Amino acid sequence: MKHVIIGTAGHVDHGKTALIKALTGIETDRLAEEKKRGITIELGFAHLDWPDGTQAGIVDVPGHEKFIKNMLAGAGGIDLAMLVVAADDGFMPQTIEHLDILTLLGVKDGLLVITKADTVDPEWLEMMDEEIHQRVEGTFLEGKPIMAVSAHTGQGIPELKEALRQLVHKASEKSMRVPFRLPVDRVFSVDGFGTVVTGTLIEGSMHEGDPAELVPSGVQTRIRNLQVHGKDVTTAYAGQRVAVNLAGLKKTDIQRGDSVAKPDSIRTSRMLDVRLQNLRTSRRIIHNDTQVHLYHGASVLLAKVVLLGQDQLQPGESCYAQLRLSEPIATKKGDRFVIRFFSPLETIGGGVILDDSPQRHKRTDTGVLEALKIRESGSGSDQVLQVLSEFAAQLPTAAQLAAKLRCDESEAAESIRDLVSQGRAVEPLPGKFAASSVMDRIWNECKDILGQYHKVNPLHAGMKAAELRQKLFKNMDQTSADALLGALRSEGKISRVSDRYALSDFVITLTKRQRNIREKLIQTYRKAGLESPATDDVMAGFPQNEKTDAKQVLESIVTSGELVMLNPQICWYKDVYADVCQVVQKHFDENETLTLGQLRDLLNSSRKYTLAVLEYYDKNRITKKDGDLRRLNQPFDRF
């Protein structure tokens, strides 16, 4: 499923919050002061759902000039903009500033909404439409739809929802291959859970239990729990609003503007090399050594602008510059930022980061300018990417890439780091890499293989992992193959159920009769415990007209992992099997070997069931047979 964030923007009191409530039914003003004053101070969040299953998050950002800092905190994760203009006011100062900010942050698509349409006559609306067309000329909103609505009467709301649905479907899907990063825009504590942060996940995917790093402080933590739209999830994806419960941290350990990131995936620095743009609407000339406020994600820092190769930057111009900061910041190459004049506070420009951890430069060094041109074009990384693609799925190291390129390993490592941070390469195993183009080929093959399997076996939970590995990777070692499949799982493309893989959107569909049979089978094996009846006896208990369905449903339950088939005649309910595995693991914690007799005594069961589970362990290489003895071959947690 595609995950998209729609952001409102516009002047104070132009009806953004009321519009979101009309679209979603959700009140985004959550603070008493906001309700009292009738303006949005903090960021508000909602989600918009359509009947076809399409879903988008909505960020309601403040419009008042005093709260522009909060607007910037919310704008960083926006995919689509909904620029709001009140019919009775038209374009206002914050409307223009918000449009400039969205442009600087790289938002590419959206639409315009004229609110309070019920308060003016049709002729006035036509005039407003023409004014807005003129105002957005030369911006990313030029030529985009203009919708007139009333949150009060409901006029135009259904049409706006449909227009937004179409934009969501057209929006580019974010890469899940980038290491996860969530800029924190809110921190609070929940009794019984501890510290919780919220933000828009701008890159990658977060999984419950993942290690995480708080940047720029470098504090290590773990993702204890995740919520999206108020519901617990095990995985969150880029483009979603996420609440993250972090283990071992106090509320005072985190502040707004920090980011939660994959450990060692992002660097901190007090300097940034950038391509700096002075807005054409700016009223300021940016001089060398100008003091500015730097806005990046939800963080705000003081910075000094060091212009490279020139002394000033006129409105509408851009150049290379180095930003020297008052404190460390955690960024990546390619991140966008906004700068506001030191005093009075007004948005004057922004740009894109070219080097997130540079050396201090001399302003007139022509070598620095040439190096930044190469960084901006990406040509150095492109050479590494080409060689990486030639390795296909072999997962080379930085040293192997350097040898192929005949360059220093440090140079190759730096380039591969940039490629991974941009999602153009992945790191399935520590220090081993694959190009995203290679992952695309693997995914296309995997999609075809699993799609065909689901078509032929609609009641199976998925294809056995060993079979999929063989079809996809043939003679590749299991560790590398599992790592590549794991990368596809992290992207949300495939799922794993027990020892099987399936397409993430695949679901088993049972008839009413099959659902009843399934419940009967589950209850039979759950109640039986260790002494489960033979498969033939279980099947004999169904009437003749249900026997075919019963066999298919039994096979379906086995593939899902709810039943473990020790052999064709003996199945155990999953919890029974798990309890036996705990007993066996505990025995091996204290002993090197296990005999059939010892296990029979431990389980207080018959030889038939004890032998069946031992032979199942042998077949799956969990244990290794040595005469009459068994030795533990692989940990149980791998199965």
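Is H454 buried or exposed? H454 is buried, with a relative accessible area of 9%; buried means under 20% relative accessible area, exposed over 50% and partly exposed in between, with a 1.4 Å probe and protein chains only.

## Basis of the model

This is a predicted model, in which local features need pLDDT of at least 70 and side-chain atom pairs count only at pLDDT 80 or more, while totals for chains, interfaces and linings use all residues. Residues are numbered from 1 along each chain as its sequence is written, and side-chain values use heavy atoms, with hydrogens and water left out.

## Overall build

The protein has 19 helices and 34 strands. Helices (H or I, at least four residues) and strands (E, at least two) are DSSP runs, numbered from the N terminus. Taken along the principal axes, the C-alpha atoms fill a box of roughly 90 × 65 × 45 Å.

Of the 639 residues, 51% count as buried. Among contacts with a separation of 6 or more, 67% come from residues 24 or more positions apart; contact means heavy atoms within 4.5 Å.

## H454 and helix α11

H454 is placed in helix α11, which covers residues 436–456. Leaving aside residues up to four places away in sequence, H454 touches G462, A502, L503 and F506. R284 is 170 residues from H454 along the chain, and the C-alpha atoms of the two are separated by 62 Å.

## Helix α12

Helix α12 spans residues 465–473, and its residues A465, L468, R469, L472 and F473 are buried. Seen down the axis of α12, these buried residues fall within an arc of 100°, so they line one face of the helix. The arc is that of the directions from the helix axis to the C-beta atoms.

The buried residues of α12 pack against α11, β27 (463–464), α13 (478–490), β28 (494–497) and β29 (500–503). K474 follows α12 and has a positive phi, near 50°.

## Helix α14

Helix α14 (residues 512–528) has 17 residues and reaches 25 Å from its first C-alpha to its last, close to the 24 Å expected at 1.5 Å a residue. The expected span is 1.5 Å times one less than the number of residues in the helix. Just after α14, G529 takes a positive phi of about 65°.

Q514, I517, L521, I522 and Y525 are the buried residues of α14. Viewed down the axis of α14, they fall within an arc of 135°, so they line one face of the helix. Their packing partners are α15 (535–540), α16 (547–560), β30 (563–567) and β31 (570–573). On the face of α14 turned away from its buried side are the exposed residues K512, N516 and K527.

## The α17 and α19 pair

Two packed helices are described by the angle between their axes and the distance between the axes. Helix α17 (residues 574–590) and helix α19 (residues 607–619) pack at an angle of about 80°, with their axes 12 Å apart. Axes are lines fitted to C-alpha atoms, for helices over the stretch in contact, and angles run from 0 to 180 degrees between N-to-C directions. α17 and α19 are therefore roughly perpendicular to each other; angles under 35 degrees count as roughly parallel, over 145 as roughly antiparallel, 65 to 115 as roughly perpendicular and the rest as oblique.

In this pair, Y577, V580, C581 and V584 of α17 meet V613, Y616 and Y617 of α19. By class, the contact of α17 with α19 has seven nonpolar, no polar and no charged residues. Ala, Val, Leu, Ile, Met, Phe, Trp, Tyr, Cys and Pro count as nonpolar, Asp, Glu, Lys and Arg as charged, and the others, Gly among them, as polar.

## Backbone features in loops

V215 and P216 are joined by a cis peptide bond, with omega about 15°. P216 is in the loop between β11 (211–215) and β12 (219–228).

D289 is not a glycine, yet it has a positive phi of about 75°. D289 lies in the loop between β18 (286–287) and β19 (290–296) and is partly exposed, with a relative accessible area of 40%. N604, also a residue other than glycine, has a positive phi near 55°. N604 lies in the loop between α18 (596–603) and α19 and is exposed, with a relative accessible area of 69%.
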